[in-house]
Amino acid sequence: MAKGRPVVRRSGLTMPVVTARFVDNAWRRGCDFVTLDLEDSVPQHLKAHARSLIKDAIPKIERGGAEPFARINHDYVEADLEAVIWPGLIRVKYPKTEHAEEVRRLDAIITRLERERGIRPGTVEIDPSIETALGVAHVYEIAAASRRVKEFGATTGGYDLSRDLGVEMFVDFDQFVYVKGEAELAARALGLGVRAAPFVANTTGSVSDGKRAFAQAEAARKCGLHLGGGGLNPAVVESHNAGYTPGEEDVRDARWVLEQYRRVIASGETWLEIENRVIDAYEAARARDTIEFAAACRERDRDKAEAVARTQAALALGA
Amino acid sequence: MAILVRRSNLLVAITDAAAVADSCGHDADAVTLDLEAVAIADKPAARALIKDAIGVAGRAAAEVFVRTDRRFLHADLAAAAWPGLSGIMLSRVECAADVTDAAEALSTLERSRGIEVGSLSLIVLLESARAVWDMRAIFAASSRISQAGLDEPDLAMSLGFEPDEALDPFVYARGRLAVEATAAGIAPVGMAYPLSVWPRDDGAEVIEGAATRARNLGMKGAVCPHASWVKPVNAAFTPSPELVAYNKRVRAAFAAGIAAGTAAVPLDGRMIDVPVDEWAIVVLATAEACAARDAEKRVAGSDPGNNLISDRTEVISGPPGD
Amino acid sequence: MNQQRRSWLLTPLSRPREVEDAARCGADVVVLDLVELVREEEKHAARLGVAAAIGTAQAAGAEAFVMIDPLLAYADLHACVWPGLAGVVIARAQTPSQVEEIAALLGELEGSRGILPGSLEIAAALETAAGNQAAYEIARASPRVRTLTLGRADLVMDLRPEPCGEIHLLPYLMQRLVIVAGAAGATPIGAWWRSPDRGLLATPQNTGAAARRGRAIGFKGAMCLRANQVDALNCAYARS
């Protein structure tokens, strides 16, 4: 993985690009990213219209400091990519990926469009979604298919995957251990950003339950995971931001671990047991990660706040 | 959309005459006559029973399968492949060659016995780590494979350990089965832990609960070692009236959304979009297919020419479960 | 393999006294570590002590393995292949070609040092995601590979406790390893530790519980880091 400032993608919303009030208000939501959808939330008869809206929607998303993503249709790759690859777009989400070849094809088309439209080569990421059993069977090849794949994983509760496996969702046990395990293993083996979610029961299926969203994000953070999968309702955005952001206590604890690790090094040992905890190189690395991520979150939040302030000022001027 | 309704598959020992005679009276979607569990010395006599037993087991419109012994595969296949048979349950499948071997033998038998070539289907059971690891190749070996499952007691034995009831040791293996079988267009079958390892007769409520859990892990049916499993297994793998009603609402809400220009529709706090609507279609079609299969079994079971015991006929022709 | 290998106790080669203690505590296997528990600047001296340490382990009735670093395989193997050695543990085994290279070196050293050809075993410690991804190929890379373990994966792979107390992803990797080992004809070893034990801190009682959980999902023995954990492993992994 490229070193440098860690990516901060805690919260996001997926919205049908055809619903103007969602897109127009997206900047007020506090998201780290917004996915403009051309796929499942857009009725078939509105697909062409939806494509025509993406180019103008991208700057609307940027108004709130969020990264603009777009989800295209599995079956209309050419037309959809022509419509979404514009300056400002960060990532293309490709649904129902089943073969590495599909990702390579996407890569080739995006490479051409970046060249034609003056976008720096390699800017646009590909996010291949694993939503079928066949996709799960090929996770490693898919994740390895393009350097544009920067993050990878499977989170719980995929509607498509549940449909393909023929399971009812929202039961009280983890139905996707294998799926998540295969995807996370592939992501880690390839050194990609890991998008994973520890099991937190969701028996209602509510898309606006902020409390549950927070619990899920917090559980993920405690497992050392930083990347959120986003949601469908504005009510979960702040929960995701808060759940993924290391708290002051986490940062204090991380500083303490680093302090103790200095003692380990000075002692000539490779590890020490201090206050019932193992302090070693790995713990120190985790602590550093927490501190860096907390700083990156702060910076990201400041960027977003400034973007929102600029937008508000512009609106006031316009009014 | 072709939906295979083979929820319950009742396993009966071919040498147990009473069990074979009784096998058609439990409402099983399939009955499997077991040659594998027969002692070696008794195998020849057991094989001779198969041809007639197929007719008996299938009286109430159950599909009839024969479970073969890996060590005597060809003799068992020759004893089993008669008109009326739906297919073979291949146990201890280790590799793709085991499947192709059986499939080729079946082709020959189909030709010589006036059975439509390619019509006999296979249910493969995996019992070793080797098979679990290689299941993709196994599933790709023949288009005859309709279902696949793990034989978990034997899998534990072949791995040399005794599981603990509190710790499911086959989360990985079962998850792999669900994914790889589905990817190959094959129906995964099995029970949830711990009944998958200790197939006990725990009462209808427990069986239905375990089978429901299995369904929610992706299984499409279960092999039933006891006749008492059949009804709760059928129930678990049949969409409930509540589920049918809910999915009708999903379809209606989604259609209204589309008419209003959006494919993302809130319903009871959930979000209904294309895959949710597609799943609703599957649930409703499954309910219909189950009802049709149940009607078919009821009609066959109540045919007086079928010699079924009348009180049992009444039981199985009770009110339709919808 | 006739001998029982219920407990594999890791001990740093840089501490001869600890090697002695390890040999005496009843461990079936003493794993003489040249990798994780030995600081970089101590490695040269540690390598010089291997032959004596093998003797110490053997004298106490334990089998001796040496844990080697695949990136330093040449030096580590030259230092550790002596009569009496049972095999090597490859720390952070990542690729089949590493295993092939180490197997070939073991063959050469067997020849030049009077050891029965083919007798030295390999235990592959799959401590990284890449190693787990390639687990089957690694296990099949040489007939010498008889044992697979996740080693210290819980430490290396940044797997933290899940809300339910399991170590994130670890139960999945353990079950996968048991299947891979079974498919490849190797023996899986490991214990199902629960947070916050992570092996290092586990009391004898918690070690016993971790081992019983490990046994119940198919492991045949386990590595441990402390002498007081050995009895619990021997007990939990005893053949019935």
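## Chain B against chain A

Between chain B and chain A there are ten residue pairs in polar contact, with both residues at pLDDT 80 or more. The model is predicted.

The buried area is about 2,900 Å². Carbon and sulfur atoms give 62% of that area. The count of salt bridges between chain B and chain A is one. A:Arg163 forms a salt bridge with B:Glu278, and their closest N and O atoms are 2.1 Å apart.

## Chain C against chain A

Chain C also meets chain A. Here 30 residues of chain C contact 33 residues of chain A. Together the two chains bury about 2,700 Å², with 56% of it on carbon and sulfur atoms. Which three residues supply more of chain C's buried area than any other three? They are C:Gln133, C:Arg160 and C:Tyr172, with 24% of the area that chain C buries against chain A.

The rule finds three salt bridges across the interface of chain C and chain A. C:Arg15 forms a salt bridge with A:Glu269, the closest N and O atoms being 3.5 Å apart. Six residue pairs are in polar contact between chain C and chain A, both residues at pLDDT 80 or more. Three helices of chain C each supply at least two residues of the side that touches chain A: helix H6 (129-133), helix H8 (153-156) and helix H9 (170-184). The largest share comes from H6(C), with four residues. The classes on this side of chain C are 15 nonpolar, three polar and twelve charged residues.

## Two domains in chain A

Chain A itself is divided. The domain assignment gives domain 1 (12-245) and domain 2 (246-319) of chain A. Their C-alpha centres lie 26 Å apart. The contact between them takes 15 residues from domain 1 and 13 residues from domain 2.

The domains of chain A bury about 1,100 Å² between them. Carbon and sulfur atoms give 53% of this area. In domain 1, A:Trp27, A:His226 and A:Thr245 lose the most area to domain 2. Together these residues account for 48% of what the domain 1 side buries.

Polar links cross this boundary too. The count between domain 1 and domain 2 of chain A is two salt bridges. A:Arg221 forms a salt bridge with A:Asp250, and the closest N and O atoms are 3.1 Å apart. The side of domain 1 that touches domain 2 has four nonpolar, six polar and five charged residues.

## Aromatic pairs

Over all chains, the count comes to eight aromatic pairs. Why does the pair of A:Phe33 and A:Phe69 count as stacked? The ring centres are 5.0 Å apart and the planes are at 15 degrees, so the pair is stacked; the cut-off for stacking is planes under 30 degrees apart. This pair links distant parts of the chain. A:Phe33 is in strand S2 (residues 33-37) of chain A, and A:Phe69 is in strand S3 (residues 67-71) of chain A. The two residues are 36 residues apart.

## Backbone details

B:Tyr193 and B:Pro194 are joined by a cis peptide bond, with omega about 0 degrees. Where is B:Pro194 found? B:Pro194 is in the loop between strand S7 (187-189) and helix H9 (204-215) of chain B.

A:Asn276 is not a glycine, yet this residue has a positive phi of about 65 degrees. A:Asn276 is placed in the loop between strand S8 (271-274) and strand S9 (277-280) of chain A.

Notes: Residues are numbered from 1 along each chain as its sequence is written. Chains are lettered from A and ligands numbered from 1 in the order in which they are written. This is a predicted model: local features need pLDDT of at least 70, side-chain atom pairs count only at pLDDT 80 or more; totals for chains, interfaces and linings use all residues. Side-chain values use heavy atoms; hydrogens and water are left out. Domain bounds come from an automatic or database domain assignment. Contact means heavy atoms within 4.5 Å. Buried area is the accessible area (1.4 Å probe) that two parts lose on being put together, summed over both. A salt bridge is a side-chain nitrogen of Lys or Arg within 4 Å of a carboxyl oxygen of Asp or Glu. Ala, Val, Leu, Ile, Met, Phe, Trp, Tyr, Cys and Pro count as nonpolar, Asp, Glu, Lys and Arg as charged, and the others, Gly among them, as polar. A polar contact is a pair of N or O atoms within 3.5 Å; within protein, one must be able to donate a hydrogen and the other to accept it, and residues adjacent in sequence count only if both atoms are side-chain atoms. Rings of Phe, Tyr and Trp (its six-membered ring) pair if their centres lie within 6.5 Å; planes under 30 degrees apart count as stacked, over 60 as edge-to-face and the rest as tilted.
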